[in-house]
Amino acid sequence: MNAKLSRVMVVWAAPFVLGGLAAAVGSHYLPESIGEQARRQAELVPPVRFVALNVTLPVSRTIFPPGAGAAIASANCVMCHSAGMVLRQPAMTVDEWSTEINKMRSAFGAPIPAEQVDELARYLGVINGRKSGPEPSAVDNQAS
Ligand code: HEC
């Protein structure tokens, strides 16, 4: 074989050889396929069995204390969490309560009409309120 021909063969063969090498090394780093994972887990994990359990959750007896706005709270705030959950939060200013209520509306879809937000915020500010001061706000302001 003349020298020129063997040089041409080396030049053409080199990408294939290098490519093959890269594929062989690279396949070692490929993520495990889903099928492979399922097979491996089936060997490790015994079959899962489901059983029915009866769990009696505690009933909340906490209600919103009487006052202007209590009815709004009872109608709009306890379908997702208890009144106690609202009452146990850190005391907030009326503005902060307003932000909190609007967060419940925009982030979670609480069905309270916009025109009742102020009255409810004032009520919550009375039953679990604080005066505004230099300390940081208790709400994370997710409404905006
Ligand atoms: C549609 C469901 C839903 C309704 C209705 C709802 N909330 Fe919430 N509320 C949530 C969820 C979910 C969380 C927990 C949010 C979290 O962990 O960040 C929460 C948390 C809170 C918190 C704790 C602080 C916080 O931001 O996590 C307060 C206070 C609160 N709600 C007040 C109210 C008031 C007042 C109302 C009535 C206007 C109300 N919520 C109505 C879903 C709701």
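A residue is near a molecule or strand if one of its heavy atoms lies within 4 Å of that molecule or strand. This is a predicted model, in which local features need pLDDT of at least 70 and side-chain atom pairs count only at pLDDT 80 or more, while totals for chains, interfaces and linings use all residues. Residues are numbered from 1 along each chain as its sequence is written, and side-chain values use heavy atoms, with hydrogens and water left out.

**View 1. The residues around the ligand.** There are 17 residues around the ligand, and Cys77, Cys80, His81, Lys103 and Met104 come nearest. Helices H4, H5 and H6 (117-127) each supply at least two residues of this shell. Helices (H or I, at least four residues) are DSSP runs, numbered from the N terminus. H5 gives the most to the shell, with six residues.

**View 2. The iron atom of the ligand.** His81 (NE2) and Met104 (SD) coordinate the iron atom at 2.0 to 2.2 Å. His81 lies in the loop between helix H3 (70-76) and helix H4 (83-87) and Met104 lies in helix H5 (residues 94-108), so the pair ties together parts that are 23 residues apart in sequence. Donors are N, O and S atoms within 2.8 Å of the metal (3.2 Å for Na, K and Ca); water is not among the atoms, so sites may look incomplete. What is the geometry of the site with six donor atoms? The site is octahedral, with angles of 86 to 179° among the donors. Six donors count as octahedral if opposite donors are over 155 degrees apart and all others between 65 and 115. Ideal angles for six octahedral donors are 90 or 180 degrees.

View 3. A polar side-chain atom of His81 is 2.8 Å from a nitrogen atom of the ligand. His81 is partly exposed, at 23% relative accessibility. Buried means under 20% relative accessible area, exposed over 50%, partly exposed in between (1.4 Å probe, protein chains only).

**View 4. Asn76 in helix H3.** The side chain of Asn76 reaches the backbone oxygen of Ile72 at 2.8 Å.

**View 5. Thr62 and Leu87.** Thr62 is found in the loop between helix H2 (34-44) and H3. With a relative accessible area of 38%, Thr62 is partly exposed. Between Thr62 and Leu87 there are 9.0 Å in space, C-alpha to C-alpha, and the two are 25 residues apart in sequence.

**View 6. Arg7 and Val17 in helix H1.** Helix H1 (residues 3-27) holds Val17, and Arg7 is found in helix H1 as well. Arg7 is exposed, at 54% relative accessibility, and Val17 is exposed with a relative accessible area of 57%. The C-alpha atoms of Val17 and Ile34 are separated by 30 Å, at 17 residues apart along the chain.

Notes. Four donors count as tetrahedral if all angles lie between 85 and 135 degrees; four count as square planar and six as octahedral if opposite donors are over 155 degrees apart and all others between 65 and 115; anything else is irregular. A polar contact is a pair of N or O atoms within 3.5 Å; within protein, one must be able to donate a hydrogen and the other to accept it, and residues adjacent in sequence count only if both atoms are side-chain atoms.
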